[in-house]
Amino acid sequence: MWHGDYLYLLQNLVMKDFRIRYRNMSLGVLWSLLNPLIMMGVMSFVWIIIFKSDKPHFAVFVLCGLVPYNFFTIGWSGGTTSIVENAGLIKRLPVPREVVPISTVISCCIHLLVQLLLLLVWAIGSGVGMNRYWLWLPVVWALEVVFVSGISLITSSTNVFIRDTRYIVESINLVMLWLIPVFYDFKEIPQKYSDIYQINPLATLVIVLRRIIYEGQSPNGTSYTMLKLTAASFTVFFIGLYFFRRLKPMFYEHI
Amino acid sequence: MNISRGRPAIHFQNVWKSFDRHAGQILLRDRLRNLFHSHKLEKFHALRDVCFRVEPGESVALIGHNGAGKSTILNLTTKLCRPDRGTVEVQDGRIAPLLDLGAGFHPDLTGSENVYINASLLGLSRRAVREQYDRILDFAEIGEFINEPLRTYSTGMAMRLAFSVATTIDPDILIIDEILGVGDIAFGEKCRDRIMGFRRSGKTILCVSHSNGMLKTLCERAIWLDHGQVVEDGPIGPVVAAYESAMKEHAVHSAG
């Protein structure tokens, strides 16, 4: 019924979210920098001063985990509430509904971009340095967007029917900080748990990012990690799309 | 104009539609409770066995009291929801839903930004928006304000902008829900002219309004609905007259 231009619509909605978010903040995009900087400062204090960690370049180490984690939590919770928050649109216009959560997730990218720049500048400035594997970064980032869009499609449609889905998502986000290697090294995880630990694509994302930036190694490691991550992200996305399409005809009556 | 003869623009066949009367938001605990003892939710029947067809180029008014099912018919036509039973067929083409002007308008964005967003929501391509942009502004008569945030606009100005975007997409079917009362008299006149222009160029119009005078100038046919059922369907003059006398009778009864 809707014969429009999907990409143009997506682009307009992303720009809209972005403009609204940053026009109302006096510090604008700087807010995206403040959060990871404060977290990084506190974590460095706790780990270096209290726990006496001797890990070199601890700030870069933590940021490799914090940056993808921040995007995950902001993108996912924004995506989850997007359908209900755009009820006016859903009830009034026959726009393709998938575009709403996906555009919300993509509009968080600017946030990620700023933080990623901070991480890269910090990596260069602190002496960790650049390497050719940085070319993988856009791929890693794109996969995270695909993955977060996929789970947002599932939870945004569920949230229409069960309104406390968003609180469940918030709780998972909190727990997730400890289930991905942000403050500790993946290598410290006992062998027997490491496979099950890596099922979580977000944990793998952090591992990959750390291999590229912190260790200066190929993200693939010894076991085709990038291939697995790609497969997992797209599988989650298509499951999300299928799930969303099954539920969307009922949105109107329940929103 | 007889190319599509035989194929209706809008065709409702034995359409039923009901809504659950649930109070407020549904939380997980409500879902769990419903799992164990399934109590039936009270249903509100918005449409009961509604049949009608609208030929291409016809302009049809829906009349009836509040809750008679007029808006439900509009929403089924734009495919915002689906019927419980029966079928709704709509000719393939662009539909301009003037259901709620400015759905998707945001007060913090400028008029210009809102035009682009709203146009793409209605299905316009990047090229079409660029080509039509000046026409949209001309018609809306916003002037310098176009680069100011929408919250600085008067209601009338925002409505003019929204109407201008929605009618610039060159629709095949125009859906109008109670909007032409907004704006000053001069602009109301302009809106009416544009809608009459659509009518003359053979577009299909489906229209809801409580202003019977205006419906008579815009539409040639009326469908009178009462509690989700079609009471009368025919030329607008007699149907509106019958509806008005029934309303008067009702008012006398409830007063006496």
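Select chain B to begin: this chain contains 8 helices and 9 strands, helices (H or I, at least four residues) and strands (E, at least two) being DSSP runs numbered from the N terminus. The model is a predicted one, in which local features need pLDDT of at least 70 and side-chain atom pairs count only at pLDDT 80 or more, while totals for chains, interfaces and linings use all residues. Residues are numbered from 1 along each chain as its sequence is written, chains are lettered from A and ligands numbered from 1 in the order in which they are written, and side-chain values use heavy atoms, with hydrogens and water left out.

**Chain B as a whole**

Along the principal axes, the C-alpha atoms of chain B fill a box of roughly 55 × 50 × 45 Å. Of the 256 residues in chain B, 49% are buried; buried denotes under 20% relative accessible area, exposed over 50%, and partly exposed in between (1.4 Å probe, protein chains only). Among contacts (heavy atoms within 4.5 Å) in chain B between residues at least 6 apart in sequence, 73% join residues at least 24 apart.

**The interface of chain B and chain A**

Next, display both chains. Here 39 residues of chain B are in contact with 33 residues of chain A. The two chains bury about 3300 Å² between them, 60% of it on carbon and sulfur atoms; buried area is the accessible area (1.4 Å probe) that two parts lose on being put together, summed over both. Select L80(B), L121(B) and R126(B): they supply 19% of the area that chain B buries against chain A, more than any other three residues.

One salt bridge to select joins E253(A) and K17(B), whose closest N and O atoms are 2.3 Å apart. Between chain B and chain A, 6 residue pairs are in polar contact, both residues at pLDDT 80 or more. A polar contact is a pair of N or O atoms within 3.5 Å; within protein, one must be able to donate a hydrogen and the other to accept it, and residues adjacent in sequence count only if both atoms are side-chain atoms.

Now colour the side of chain B that touches chain A by element. At least two residues each come from β1 (10-20), α1 (28-36), β5 (95-98), α3 (111-121) and α4 (126-140) of chain B. The largest share, 5 residues, comes from α3(B). By class, this side has 18 nonpolar, 12 polar and 9 charged residues; Ala, Val, Leu, Ile, Met, Phe, Trp, Tyr, Cys and Pro count as nonpolar, Asp, Glu, Lys and Arg as charged, and the others, Gly among them, as polar.

Move to C64(A), which lies in helix α3 (residues 58-85) of chain A. C64(A) is buried, with a relative accessible area of 0%. Not counting residues up to four places away in sequence, C64(A) touches L119(A), V206(A), L209(A), R210(A), I213(A) and Y214(A). The C-alpha atoms of C64(A) and I207(A) are separated by 8.5 Å, although these residues are 143 residues apart along the chain.

Y214(A) also belongs to a cluster that ring pairs form with F58(A) and F61(A). Rings of Phe, Tyr and Trp (its six-membered ring) pair if their centres lie within 6.5 Å; planes under 30 degrees apart count as stacked, over 60 as edge-to-face and the rest as tilted. Over all chains, the structure holds 16 aromatic pairs. Among them is the tilted pair of W178(A) and F183(A), 5.3 Å centre to centre with 50 degrees between the planes. F183(A) is buried, at 3% relative accessibility.

**Salt bridges within the chains**

The count over all chains comes to 14 salt bridges. Select K187(A) and E215(A), whose side chains meet at 2.8 Å, N to O. K187(A) lies in the loop between α8 (165-179) and α9 (191-198) of chain A, and E215(A) in the loop between α10 (201-213) and α11 (225-247), so the pair ties together parts that are 28 residues apart in sequence. K187(A) is exposed at 60% relative accessible area, whereas E215(A) is partly exposed at 28%.

Finally, return to chain B and select E131(B) and R127(B), which form a salt bridge (3.4 Å, N to O). Both lie in helix α4 of chain B, 4 residues apart, about one turn of the helix. E131(B) is exposed at 54% relative accessibility, and R127(B) is exposed at 62%.

Terms used:
A salt bridge is a side-chain nitrogen of Lys or Arg within 4 Å of a carboxyl oxygen of Asp or Glu.
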